[in-house]
Amino acid sequence: MSLKEFRIDVDADGVALVTWDQPGAPMNVITLAMMQELSAVIDRIASDDAIKGAVITSGKDNFSAGADLNMLQGARVEFEQRAAKGDPEEAMRVFFGETRRLSQLYRRLETCGKPVAAAIRGLALGGGFELVLACHYRVMADDGATKVGLPEVQVGLFPGGGGTQRIARLMATPDALQFLFKGQQIKPSMAKTMGLVHETAAPGEVIAKARAWILGGGKGVAPWDVKGFKNPSGKVFSPVGMQVFPAANAIYRKETYDNYPAAKAILASVYEGLQLPMDLALQVESRYFAHILRTPEAAAMIRSLFISMGELNKGARRPKGVEKSKLRKLGVVGAGFMGAGIAYVSAQAGMEVVLVDRDQAAADRGKAHAEAQIDAQIRKGRATAETKAALLDRITATPDYAALAGCDLVIEAVFEDPKVKAEVIARVESVIGDDVIFASNTSTLPISGLAKASSRPANFIGIHFFSPVEKMLLVELIIGRQTGDRALATAMDYVRAIRKTPIVVNDARGFFANRCVGAYVQEGHRMLLEGVPPAMIENVGRMAGMPVGPLALNDEVALDLGLRIARATKAEAGDDAVDPDQLALLETMVEGEGRLGRKNGKGFYDYPEKGQKQLWPGLAKLQKTRLDPDTLDVTELKQRLLVVQALEAARSFGEGIVTDPREADVGSIIGFGFAPFTGGVLSYIDGMGAPAFVALCDRLAATYGERFTPNAQLRQMAKDGGSYYPKLQAAAA
Ligand code: NAD
């Protein structure tokens, strides 16, 4: 077979250098074509007498990003179509055969009888790293760009190419489980310590070292295929094993609340596999893999966190025909909490930043934030004194607006006051070019209103960051009534340059993310007022899949901010727009008790200087009724917390505030941590089906009030079988 993906060069010593270099692709990924060719490569290594052993490497900067998830998603859809045609057993047989092909190939490589070494440069992830693990010797480049890992669990899958079995035989079981559960990318020195690779070397030497291992008499047998092999943690059924697995089960429950079948499959696969010889163990892993690939969680997570996120990052929503903008110099006005963060991430991305505040001291404080951030990076070994000096050199802190001349984009992050913002807009526009885009980071003020202060509203847009700017990956781009395509395209190019994900949102109170997450926090308040024990509210939030409970989240955002927003909403949208009991609760907390949240060390929780936060015992006296937890329906409490957010998203979609389900879903997961296993707010509804979701809303509305009443679009969808995603995909979700 003529090879396109691989090159094989056999040297005079009989070492075959196998270079994987997928044609026309930026990264090597595992596809059907790759698997076919790898099979031929293995045959050649095994059967060619001129080959003593082989070194596998990549012809690209990275080793491999793993399997093509579109291919895996496709296998699942094919299975469903075949099964629907009436022979589910046959469909399953074909599906199982297809989904374990990679695992069998890797096993063939491992048992081909000749020594095979991997020379790794750049990322080796997922199925790519599993290929490496099937080699008998692994040499890893000792540089900042090279990392290995099995991140499948982050998209609802688990390593099905032998990863669970080989990892569990390479290191102590608790370490193996932790590595598999977390899906982290591991740096060279740590990979060596963990036993993931045998050797690290300078990038230019990895191939030579791998070759030297073969010529030095390296054996083509994996340790687990040598008679007498012992698992690093001993037998599963042994006193040590019995200490590992019950604790692992407990950790699994604590970390996932049983929401992630892939994590459970890892545990089961390791537990069962370690009791079997390798070939049978791999078969067990394959069975779990075939099962996990068909779970709604995997389909939903692959779609939102891989496919949709990739599409959005590639500019799926970028206006067509607008030339890519060159963003060399960025202006940031307002060097406070947000502005300082924006300046830092932009300078990190290589931009020159002019950071303006009211006086030099305030501007300097903003720049000092960048210094503190980069110092923290240095402490973690992620930056050097040189990168720090260069970064700080790129930030000019000044009170002088004239320094903004020559900026390609200016973002304001001054006080949330329309008058202050209007003044700033006028001052900035007097110094920047007519065609420069101006963005506001307002979190509550309508962009169309602010744009009235601009002499060029077509160039005016909202770029809404989330805090902390350094960590949060989502940015909402807010389109005002007159915002033009060039403003949107430029804002998108900027967000991509700082490696965040943009979603496009039309101008409305709370935009998209804050509106949904606000509903979550408010539902927590309501539960508290109903008399649900506070600890139960928080636990139920996490059990539903949220990263923190609603009360803890409110503390992070600050209770006084919540109170200010509630009052502003009431003033603008009328008395009915805000629940009076809730307003009273916030007034008591903020004005009666002086509890502002984490920022002053007391909110719904107490934050002792040392030790963990604790729910404030005084909450009990704010509850007129106290319900007996044993009488409460946990499933319903969880549903309330998710439904209230999903419904708010459905309303936003119905009102045309978000217009693309991918943006709503991706935005909800990376913006406010909406239960990732659901695939996001709208996938949650599609996963249940509109009729079931509407029925659930109606039931909740009858008990808890109108906030659960579905919008007209949802009712229509329930009636005519509609869904947010096209039906074929929805069937796969
Ligand atoms: P902040 O009070 O920390 O910072 C505001 C900064 O603007 C201060 O340093 C102040 O000196 C400066 N400033 C005020 N008037 C100015 C002027 N005329 N010229 C130059 N500088 C001026 O506030 P923040 O939390 O950073 O919020 C800033 C903006 O970001 C607001 O619009 C807010 O709604 C928005 N926002 C905040 C968050 C958040 O979590 N804090 C999240 C998203 C968006």
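Student: How far is a polar side-chain atom of Asn441 from an oxygen atom of the ligand?
Tutor: The separation is 3.0 Å. Keep in mind that this is a predicted model.

Student: How much of the ligand does the protein bury?
Tutor: The protein buries 80% of the 830 Å² that the ligand exposes when taken alone.

Student: And Asp357, what distance there?
Tutor: An N or O atom in the Asp357 side chain sits 2.6 Å from a ligand oxygen. For the side chain of Arg358, the corresponding distance to a ligand oxygen is 3.1 Å.

Student: How many residues surround the ligand?
Tutor: There are 22. Met338, Asp357, Glu416, Lys421 and Ser443 are the closest.

Student: Which elements supply at least two residues of the shell?
Tutor: Helix 14 (337-348), helix 17 (418-429) and strand 17 (460-465) each do.

Student: Which helix gives the most?
Tutor: Helix 17, with three residues.

Student: Switching topic. What are the domains?
Tutor: The assignment gives domain 1 as 6-294, domain 2 as 329-508, and domain 3 as 513-539 + 547-627.

Student: How far apart are the C-alpha centres of domain 1 and domain 3?
Tutor: They lie 47 Å apart.

Student: Now Ser269. Where does that one lie?
Tutor: Ser269 is in helix 11, which covers residues 261-273.

Student: Is Ser269 buried or exposed?
Tutor: Buried. Its relative accessible area is 0%, and the cut-off for buried is under 20%, so Ser269 qualifies.

Student: What is Ser269 in contact with, leaving aside neighbours within four places in sequence?
Tutor: Phe158, Thr164, Gln165, Leu274, Glu285 and Tyr288.

Student: Last one, helix 28. Why is helix 28 described as largely enclosed by the rest of the structure?
Tutor: Because six of its eight residues, in the run 681-688, are buried.

Student: Which residues of helix 28 are buried?
Tutor: Val681, Leu682, Ser683, Tyr684, Ile685 and Asp686.

Student: What follows helix 28?
Tutor: Gly689 does. The phi of Gly689 is positive, near 90 degrees.

Key:
Residues numbered from 1 in each chain as written. Predicted model: local features only at pLDDT ≥ 70, side-chain atom pairs only at ≥ 80, totals over all residues. Heavy atoms only, no water. Helix = DSSP H or I, 4+ residues; strand = E, 2+ residues; numbered from the N terminus. Buried < 20%, exposed > 50% of the residue type's maximum accessible area, 1.4 Å probe, protein only. Contact = heavy atoms within 4.5 Å. Domains from an automatic or database assignment. Near = heavy atom within 4 Å. Polar contact = N/O pair within 3.5 Å; in protein donor to acceptor, adjacent residues only side chain to side chain. Areas by Shrake-Rupley, 256 points an atom, 1.4 Å probe, with all protein chains shown as cover.
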